[in-house]
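Student: Hi! Could you walk me through this one, starting with the pocket?

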Protein chains: 2
Amino acid sequence: LTSRAREHSIRRTLAVEDGPFSKKDSHCLLLGVVTTDNSIEKILLDRIHVDGTDATSKVISLAHRAGSVDLILLPSISLGGFNIVDPEGVHQATKLPILVTNPVKPDLRAVRKALRTHFADWKKRVTVFDRMGSPKALRITRREVIYFYCVGFPLSAAVASLRNAVRFGKRPEPLRIARIIARALGHSTPVEALRSV
Amino acid sequence: LTSRAREHSIRRTLAVEDGPFSKKDSHCLLLGVVTTDNSIEKILLDRIHVDGTDATSKVISLAHRAGSVDLILLPSISLGGFNIVDPEGVHQATKLPILVTNPVKPDLRAVRKALRTHFADWKKRVTVFDRMGSPKALRITRREVIYFYCVGFPLSAAVASLRNAVRFGKRPEPLRIARIIARALGHSTPVEALRSV
């Protein structure tokens, strides 16, 4: 495949984003946005436990509900606080390429310290970070760099689809769209009231 | 202005959409989506009375919250059942061009009959439909026609911006996006719980 053909082959994407939450919240919104060629097509709603351990299974569930997609985009390895998504677990369950992209470089040392301080099961949580290691950096404009992990497809294909998907700011379009919707929804909707859509 | 320059001048748009509701609901979601070049930028939430009379003032309020936009897009003259939006009223209050676009031809006779049957103030409600008259038709593909009203800008500019904005199906992108979000939000959120965003 040429790089262009590879770009072309990634058309339908599931982007996942978590909603805002406050200290008193037990859950937060988990949003899936299905896009085709960076245009929104469908919205999926679920919720995860803040600092819980259900993020990986909930992302897999969103992927199943999304129908046929070519790629899953995640904004971070931890969602809803320190609810860790295992990109390799998601890849194994869905057979889909996974791209985790972050506009800022994750501070793995700080993450490790926080996990160790606050979670009895910190060793289990930290495993995913240890396995993923340091993210790759991709310069998207002269001044701007984004950080990403990719699982289940070649680095060159990941770079090509990132270049194709980043239009405004430092997020791939599907994740940028998902973030705007997750914030509006998360701020307006008590998570207890969320029904799946 | 050439038609191209006119198209170019409409960049930032407010698209309004109402959420789903059932017979027992007193209110439904009113959603505003601000787009720049058909890409989502901001989401605004409010609610209107089902079959109420506050749609015009609520659309004007969304327009003020949207900040500087070049155009307001509406999916219909009636939102939330028969809560009538007066496009001329919105135009007068905001000084913005208004485009009302519908993938199906509104059945004005049926609307008039329904208003007459169900509303004591039907004469007032029907006034807007009478003033707007029949919508214009625009052929967007060989087989597909959309129907629209425009207020506050020339027909040629309205046609140019419609041609520019319709990408998938029969709705301008901002309205298509707003509809997907309004449905997800409206189905997931009890309107009583809505807080403005």
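Student: Which elements of chain B each supply at least two residues of the lining of the largest pocket?

Tutor: They are β1 (12-18), β5 (78-79), β7 (98-102), β9 (145-151) and α7 (173-188) of chain B. Helices (H or I, at least four residues) and strands (E, at least two) are DSSP runs, numbered from the N terminus. This is a predicted model, where local features need pLDDT of at least 70, side-chain atom pairs count only at pLDDT 80 or more, and totals for chains, interfaces and linings use all residues. Residues are numbered from 1 along each chain as its sequence is written, and side-chain values use heavy atoms, with hydrogens and water left out.

Student: How much space lies in the largest pocket?

Tutor: About 530 Å³. A pocket here is an open set of points on a 1 Å grid over the protein atoms alone, where a 1.4 Å probe fits, with protein on both sides within 12 Å along at least five of seven lines.

Student: And which residues lie nearest its centre?

Tutor: B:D18, B:P75, B:S76, B:S78 and B:N102, out of 29 lining residues, lining meaning an atom within 4 Å of a point. By class, the lining has 16 nonpolar, six polar and seven charged residues.

Student: What about B:R12?

Tutor: B:R12 lies in strand β1 of chain B too, and counts as buried at 18%. B:R12 and B:T36 are 24 residues apart in sequence, yet 4.4 Å apart in space, C-alpha to C-alpha. Beyond four places in sequence, the contacts of B:R12 include B:E41, B:K42 and B:D70.

Student: Switching topic, at what angle do α2 and α3 of chain B pack?

Tutor: Helix α2 (residues 55-66) and helix α3 (residues 87-94) of chain B pack at about 35°, with axes 9 Å apart. Axes are lines fitted to C-alpha atoms, for helices over the stretch in contact, and angles run from 0 to 180 degrees between N-to-C directions.

Student: Who meets whom there?

Tutor: B:T56, B:V59, B:I60, B:A63 and B:H64 in α2(B) meet B:G89, B:V90, B:A93 and B:T94 in α3(B). By class, that contact has five nonpolar, four polar and no charged residues.

Note on methods: Chains lettered and ligands numbered in written order. Contact = heavy atoms within 4.5 Å. Nonpolar A, V, L, I, M, F, W, Y, C, P; charged D, E, K, R; others polar. Points joined across faces, edges and corners; volume = space filled by probe spheres on them. Buried < 20%, exposed > 50% of the residue type's maximum accessible area, 1.4 Å probe, protein only.
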